[in-house]
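Work through the exercises below with the sequence and the model open. Try each task before reading its solution.

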Amino acid sequence: MTTLLEDTKRIAIARQLAEMKALQTLLIANDRVLINGISDDEIRQRLQKMLEQDEKNLGVLETVMVQYGVKGEIQKSVEQGLAAIQNQMESSRLTLFEKAFQQELLKHQQTMTGITVHKAAQVVGADVEAAIAPLHTINFESRAHQEQFKGILEILGVLELTGQEPDQGLWARVEDAVAALTGVVGSVVTRTDDEMIIRDVLLMDHTKSDILIAEILQSDDPEKVQEYFGQLYKDVSIHGLAEEQVVYPALRPYYSHTEEIVDQTDGVIALLDELKAADPTAPDFKAQIKRFRSALREHINQEERDAFPILRNNLSHEQQKQMASDFKAAKGRIQDPKEALNLQDLVSQRSSNDRYKGGFNPMNHATFWERVFQTKAMINWVEAIVFLVGDRFIRDALQTEPLMNPEYSQLFYGLVFIIGIAYWWVSQDITRNHDIVRFGILAQSSVFAVLAYHTLLGSLHPLYLLSGVLDLTFAILFIRFLSANASSPILGKKS
Ligand SMILES: [Fe+2]
Ligand SMILES: [Fe+2]
């Protein structure tokens, strides 16, 4: 597929968002100018409140831009226009009334741009709508600020013209107007940006990828499919790369399956790369997308089900908030063509890295080692019971002499059973009890040595050596486990 990574409509929306950000920055600067110039306490307090909301909304806008996933550049002419307004606002050429009036116009512009972006998003796709949903907060608050400015303008205007305050009851009217607005849009106002923790940001991305896949599956228009896929490709790879930079390193000390989800991320990115080369009009394209969806979902489910609670339990609220902004910053860096390596390079670096080139290596996975210890525990139990109960029958069958002191054999197999329990404990949390593993290596190697010695002497039926070989195999596996654990923290904390 000749992937259209950037659709023109999406770029146009990105440009609008960049302009909203520039405008929001100007609004904040103007709020400060007005606060410094106004002597009326009531107005100053209201402006102060607006300034706080405007600052918060700048953060919301930045989140939306990163979440949206397409970087846009502000047009030169718009930038110059805003700079000119800022000059005027800071000069003494305008009266306070005129400055407030100018600010009201800018608030109007911000509201209308926000609303236009929303309408455009409805046309482009549900994924865009989801990404820019927090804009509702900005639209609503800019609209509410406009209502307040009507009041401010009335006071300043009457004052400038007559030297007197306008009649009472003005703020009550303003409050009524704001309340009416809340009834209309208040319900869609989302949580504020500064409350977001890493879980919220990751969930937002996961949902967006679901929406994009649904859009691809629903659409029969190859151009649309290409556009959605282009966005999906960018979103998922950038999300995965940012997770590897910010989230997984913090997760590793607490989560022994971290390497599994790192591998899954690499697998998902590699699948995406394969899909990029596919023809969207081919009859099996949607089946391929569905396969991709299952791989992605499996990974996302593990993250949401296992990893998120671990982050919540082990990191403070502050740390989770910090991680959210680090994650957004990492995404921003990867998205930015100037600062980052080309995404394509990053993705192919990931999918061709050593771990991936070597194919799937079970030894990097905690589950594999859990199974190893479980298996050895069960082998010990079965072996112990078989020899405790059936030693006589086995000796009869092999036509070997009966034991003269069966109590020694019984003591040995009793120990074998108990050591099996110890291996089971290891399997329950492979980040702990590593001394049991060391003990197991010594015990199993000595069992092999004794059995091999007697087999060589001819004093033991060779069949017994089988359990010695099994022990030696597990001793070697246990050594591998300890060395894998020492060379990297992938298997969790050492005991
Ligand atoms: Fe992930
Ligand atoms: Fe994720």
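A residue is buried if 20 or more other C-beta atoms lie within 10 Å of its own, exposed if 12 or fewer, and partly exposed in between; C-beta atoms are placed from the backbone. This is a predicted model: local features need pLDDT of at least 70, side-chain atom pairs count only at pLDDT 80 or more, and totals for chains, interfaces and linings use all residues. Residues are numbered from 1 along each chain as its sequence is written, while chains are lettered from A and ligands numbered from 1 in the order in which they are written.

**Exercise 1. Classify Ser 294: buried or exposed?**

Step 1. Locate the residue. Ser 294 lies in helix 11, residues 285-314. Helices (H or I, at least four residues) and strands (E, at least two) are DSSP runs, numbered from the N terminus.

Step 2. Count the neighbours. Ser 294 has 9 other C-beta atoms within 10 Å, so it is exposed.

Step 3. Val 268 is 26 residues from Ser 294 in sequence, and their C-alpha atoms are 10.0 Å apart.

**Exercise 2. Describe the chain as a whole.**

Step 1. Count the secondary structure. The chain has 18 helices and 0 strands.

Step 2. Take the burial. Of the 495 residues in the chain, 31% are buried.

Step 3. Sort the contacts. Two residues are in contact if their C-beta atoms, placed from the backbone, lie within 7 Å. Among contacts with a separation of 6 or more, 79% join residues 24 or more positions apart.

**Exercise 3. How do helix 2 and helix 6 pack?**

Step 1. Get the geometry. The axes of helix 2 (residues 41-68) and helix 6 (residues 135-162) come within 10 Å and cross at roughly 160°. Axes are lines fitted to C-alpha atoms, for helices over the stretch in contact, and angles run from 0 to 180 degrees between N-to-C directions.

Step 2. Name the arrangement. Angles under 35 degrees count as roughly parallel, over 145 as roughly antiparallel, 65 to 115 as roughly perpendicular and the rest as oblique. Helix 2 and helix 6 are therefore roughly antiparallel.

Step 3. List the contact. Met 50, Val 60 and Val 64 are among the helix 2 residues that meet helix 6, whose side includes Ile 138, Ile 152 and Ile 155.

**Exercise 4. Classify the pair helix 16 and helix 17.**

Step 1. Read the angle. Helix 16 (residues 406-428) and helix 17 (residues 434-457) pack at about 140°, with their axes 10 Å apart.

Step 2. Apply the cut-offs. The two helices are therefore oblique to each other.

Step 3. Check the contact. The contact has 8 nonpolar, 1 polar and no charged residues.

Conventions
Nonpolar A, V, L, I, M, F, W, Y, C, P; charged D, E, K, R; others polar.
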